[in-house]
Amino acid sequence: MGIVAAFMVPHPPLIVPEVGRGGEKEIQETTNAYERVAKTIAEIAPDTIIITSPHATMYSNYFHISPNNGARGDLGDFGARSVSFEEHYDHELVNRITRLAFDDDFPAGFEGERKKALDHGTMVPLYFIRKYYKGGNIIRIGLSGLSLVDHYKLGMYIQQAVDELGRKAVFVASGDLSHKLQEYGPYGFAKEGPVYDARIMDVAGRTAFGEMLDFEEDFCDKAAECGHRSFVIMAGALDGINVTAEVLSHQDVTGVGYGICCFYPKSAIKDSDRCFLDIRMKKLEDEKEKSDGYVKLARASLESYIKYKKKLDYPEGISEELKRSLPEEIFTKRAGAFVSIHKNGSLRGCIGTIMPTEDSLAEEIIENAISASTRDPRFDPITEDELKWLEINVDVLGEPEDISDKSQLDVKRYGVIVSCGARRGLLLPDLDGVDDVDTQISIAMRKGGIRPTERYTLQRFEVVRHT
């Protein structure tokens, strides 16, 4: 039958009376909404309850799906050992999801379980569900440090596996919202916190699941959100499906955001306007066509090297069409240049030169594109499968200019070079998350291995950014 409903829910242990001991009354609105979700699931009587939890086993580059026949757990860590669960897993569905992922070389499976016991991100939803519905097996899936697109793709594999096995399933995306909504809260306040909550509740209410992929990683980190990746997996599990949304509640009285939404498919017929990953891919293809010659040259260079292990011949290997999109000065001018590569909104590589090292700017870009894609020590080399997802920009640096004081900097206009003897750290201008000069200088100093107590000199430079 497929996924017949999905629910976005929080998991505060406080909401369980045996834990809250009266404190749960503070979030009564959330409790009431949770009761409605649980009763709805009981009416549906699903074969399988799929739960994604931020507190299940999590790896940076792999999605873990809990293996074996089942697991137990209790809320003893929160002073309520009497609240316990014994759940059976739908191992056939686990195996099918894992097989689909394996066949596509997608990093998901049941290997590497670190803790078998159920986590509170799974048990809090089950506390309400099992009050009204004792049937059905569960699947428990952890999140990862991979991109939001990868989380969405995992949801698509889940949808496919459920459909192939004919399961009647519901999806429970467990996750709190921002943890930084109030000064008195356990994590304090950040201005991004309320913005995140408002934004995710709006997206959920409009079922604009594609917009979940546009939440910047730095923004989510500053908001200290908990469940965004869980919600994105849910969105992927509903890919191509027209759904209606019912927003039941949103509270932030504890300094942590709790949101509850229900999603119900209207029809089993696929709607191309709801295939958000396909739409994203089409947008990337359009952007590639619109990119200027500098970026196309960088892309041609890294694709040649990654696909064929061959450096792009210069100038013979540059196609006539590409040459026509480039100004003549790129073949004669010398300048430093940085090539930055992003994949699904996350940095994937960035390497460049402060001063020119090649005979022309074109050769500088060709070399730095190879380095950024295969030699950035922070990342594994980019693979051929990733090429279609890459966003590239090229920054051409102007001549560095000595300055006497940080007041002569502007994070939007100027990059900065901090020097101490032979050590130098550089930071480009107009970067996400770098909003003030002190932050800009501090990051550049760290990159150059320069301590705050050391004497240093400053230079600024302008760049021309090509996208």
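**Entry 1**

I looked up phenylalanine 7 and found it buried, at a relative accessible area of 0% (buried is under 20%, exposed over 50%, partly exposed in between, with a 1.4 Å probe and protein chains only). I note that this is a predicted model, in which local features need pLDDT of at least 70 and side-chain atom pairs count only at pLDDT 80 or more, while totals for chains, interfaces and linings use all residues. Residues are numbered from 1 along each chain as its sequence is written, and side-chain values use heavy atoms, without hydrogens and water.

Phenylalanine 7 and tyrosine 264 form an edge-to-face pair, 6.2 Å centre to centre with 85 degrees between the planes. The pair joins strand β1 (residues 2–9) to strand β10 (residues 258–265), its members being 257 residues apart. Helices (H or I, at least four residues) and strands (E, at least two) are DSSP runs numbered from the N terminus. Tyrosine 264 is partly exposed, at 22%.

**Entry 2. A stacked pair and a cluster**

I examined phenylalanine 63 and phenylalanine 106, whose ring centres are 5.8 Å apart with planes at 10 degrees, so the pair is stacked. Phenylalanine 63 is in strand β3 (residues 63–64) and phenylalanine 106 in the loop between α3 (91–103) and β6 (108–109), so parts 43 residues apart in sequence are tied together. Phenylalanine 63 is buried at 0%, and phenylalanine 106 is buried at 7%. I also recorded a cluster of Tyr34, Tyr127 and Phe128, linked by ring pairs.

**Entry 3. Phenylalanine 276**

I located phenylalanine 276 in helix α9 (residues 276–290); this residue is buried, at 14%. Not counting residues up to four places away in sequence, phenylalanine 276 touches Tyr152, Thr207, Phe209, Gly210 and Asp239 (contact means heavy atoms within 4.5 Å). Its C-alpha atom is 9.2 Å from that of alanine 235, 41 residues apart along the chain.

**Entry 4. Helices α10 and α12**

I checked how α10 (residues 293–308) packs on α12 (residues 361–374): the angle is about 50 degrees and the axes are 8 Å apart. Axes are lines fitted to C-alpha atoms over the stretch in contact, and angles run from 0 to 180 degrees between N-to-C directions. That angle makes α10 oblique to α12 (under 35 degrees is roughly parallel, over 145 roughly antiparallel, 65 to 115 roughly perpendicular, the rest oblique). Among the contact residues are Tyr294 and Leu297 of α10 and Ile365 and Ile366 of α12.

Note on methods:
Rings of Phe, Tyr and Trp (its six-membered ring) pair if their centres lie within 6.5 Å; planes under 30 degrees apart count as stacked, over 60 as edge-to-face and the rest as tilted.
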